[in-house]
Amino acid sequence: MNPFTPRLIHRTIVSLAAIGLGLAGVYALAQEMRGPKTEPPSAKEVERRKGAGGYHPGQMKNPNLSGHPARLTETPVSEIPLDRIKVPKGFKVEIWAHGMPGVRMMARGSKGTIWAGTRSIGRVYEIKDKGGEREHRILAQKLTQPNGVAFRNGNLYVMAINRVFRYDGIEDHPDVKPVELTDQFKLPPQVHHNWKFIAFGPDAKLYVQVGSPCNICEPDAEHGQIRRYVADGSNADGSNMEVVARGVRNSVGFDFHPKTGELWFTDNGRDWQAENGPEDELNRVSKMGQFFGFPYCHANGIADMDFPKKDPCKGVTFPVALMGPHAAALGMRFYTGSMFPKQYQNSIFVARHGSWNRSTLFGFDVANVKVEADGKGAKVTPFMTGFRDDKANKFWGRPTDVMQLPDGSILVSDEQVGAIYRVSYSK
């Protein structure tokens, strides 16, 4: 039996084995997935930082905050409070698909299939529209944070921490066995900030984020960057790697300007420097190899307290816009459809996953950024809200990625409840 052959279980198709790792490998990766230390500074370190100036630990009312793990079990529709979601007048939100724990970054095939990666649950989902109802299957599982998915020329690319697969002709051949490209791409194995976002650019090259392996550190030559790989014929095969952007801490979302073709990306600011910053960034790459500041310079010119240097922001490309303190700005897409009002044309929708180490929650929404093609005049406005309860300082949903459909509506994935929403507009 082909280990990648899926089978049907009620309205969800689940693969029996999909892509497996050996038991020893699973154990080793599980140990690594515990991740680096995210604890706040020690009392001694706090005093050192106070002495250096610019550090305000009193603003961190709860210094023992930890991450918000997503649910790893299915969330019934009855437990998704859709009525709490707020959008501007004329817009409508509906649950497009559900029952996919940990669903995150999305890609769409030429025939309408949607694939979505995950982090902690290690799965890749495949979603198909069957006459107005969505069915999904688990295409792959037991991978280490297979967050990255991209589609081109009939082929699906799946990228985990340090493994890469290509499913050739998958929409016509759903049981196709994947081709492993891990050796060709030579990805570093570190887990921290290394879950991938991948996409093909207008130049037909595959763009890949390789995050920094720390909260704050001086990354080596393999980390803290966005790369691209030149395609060989019709396929991206890991050859001819180029570094497009450096000094990138943790980008989990990028897109290409519909007019200029330039790469724009989100980047998450460092932790444990202050309650209200450094803020997350929205950046624009106007030329190859630009440096975006990590670890020396953050946001619009904030020097790092752990890696001080003379003129820390000299030569740094500053953000187009700031996305808020510890907002976890992730998936982003330029809007090019005709369904939404004209003022949204060529604007950017950004999923702000939400803060985990801030005493007062921030983010947990989808923001809209209106900005000129040259990066000037950026205005950030909350667009899809209601996932956060400000009075109780709690949340129930975490928008993670956004993607435009051919009809001009957009999909928004919610990792927390394992659902995908569709946002449409009518006058």
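Arginine 108 stands opposite isoleucine 114 in β5, and that strand is a handy way into this predicted model.

**Around strand β5**

- Strand β4 (residues 106-108) pairs with β5 in the antiparallel sense, over 3 bridges.
- The two make a hairpin, with 5 residues between β4 and β5. Glycine 112 sits in that turn and has a positive phi of about 95°.
- On to the next partner: β5 and strand β6 (residues 124-130) also pair in the antiparallel sense, over 4 bridges. Here tryptophan 115 stands opposite glutamate 126 in β6.
- β5 and β6 form a hairpin too, with 6 residues between them, and glycine 122 in the turn has a positive phi of about 70°.
- What about the faces of β5 (residues 114-117): which residues cover each side? Ile114 and Ala116 lie on one side, Trp115 and Gly117 on the other, and all are buried.

**The β8-β9-β10-β11 sheet**

- This is an open sheet of 4 strands, in the order β8-β9-β10-β11, and the pairing is antiparallel.
- β8 (148-152) and β11 (179-180) are at the edges with a single partner strand each, so one side of each has no neighbour in the sheet.
- Strand β10 (residues 164-167) and β11 are joined in the antiparallel sense over 2 bridges. Within that pairing, arginine 166 has valine 179 in β11 as its bridge partner.

**The β23-β24-β25-β26 sheet**

- Another open sheet of 4 strands runs in the order β23-β24-β25-β26, again with antiparallel pairing.
- Its edge strands are β23 and β26 (379-384), each of which pairs on one side only.
- From one strand to the next, the twist averages 30°.
- Between β24 and strand β25 (residues 365-370) there are 5 bridges, and the two run antiparallel. Isoleucine 348 has valine 369 in β25 as its bridge partner.

**Aromatic pairs**

- The count for the model comes to 23 aromatic pairs.
- Take tyrosine 157 and phenylalanine 200: the ring centres are 5.2 Å apart and the planes are at 65°, so this pair is edge-to-face.
- Why does the pair of tyrosine 335 and phenylalanine 349 count as edge-to-face? The ring planes are at 85°, with centres 6.0 Å apart, so the pair falls in that class.
- Tyrosine 335 belongs to the loop between β23 (329-334) and β24 (348-352), while phenylalanine 349 is in strand β24, 14 residues apart. Both tyrosine 335 and phenylalanine 349 are buried.
- Those two rings are also part of one aromatic cluster, formed by Phe91, Tyr335, Phe340, Tyr344, Phe349, Phe383 and Tyr425.

**Charges over rings**

- Tyr344, one of the cluster members, has the charged end of lysine 370 over its ring, 4.5 Å from the centre.
- Which residue lies over the face of tryptophan 195? That would be arginine 119, at 3.6 Å from the ring centre.

Definitions and conventions
Residues numbered from 1 in each chain as written. Predicted model: local features only at pLDDT ≥ 70, side-chain atom pairs only at ≥ 80, totals over all residues. Heavy atoms only, no water. Phe/Tyr/Trp six-rings, centres within 6.5 Å; stacked < 30°, edge-to-face > 60°. Buried < 20%, exposed > 50% of the residue type's maximum accessible area, 1.4 Å probe, protein only. Lys NZ or Arg CZ within 6 Å of the ring centre and 35° of its normal. Pairing = 2+ DSSP bridges. Axes fitted to C-alpha atoms, helices over the stretch in contact; angles between N-to-C directions.
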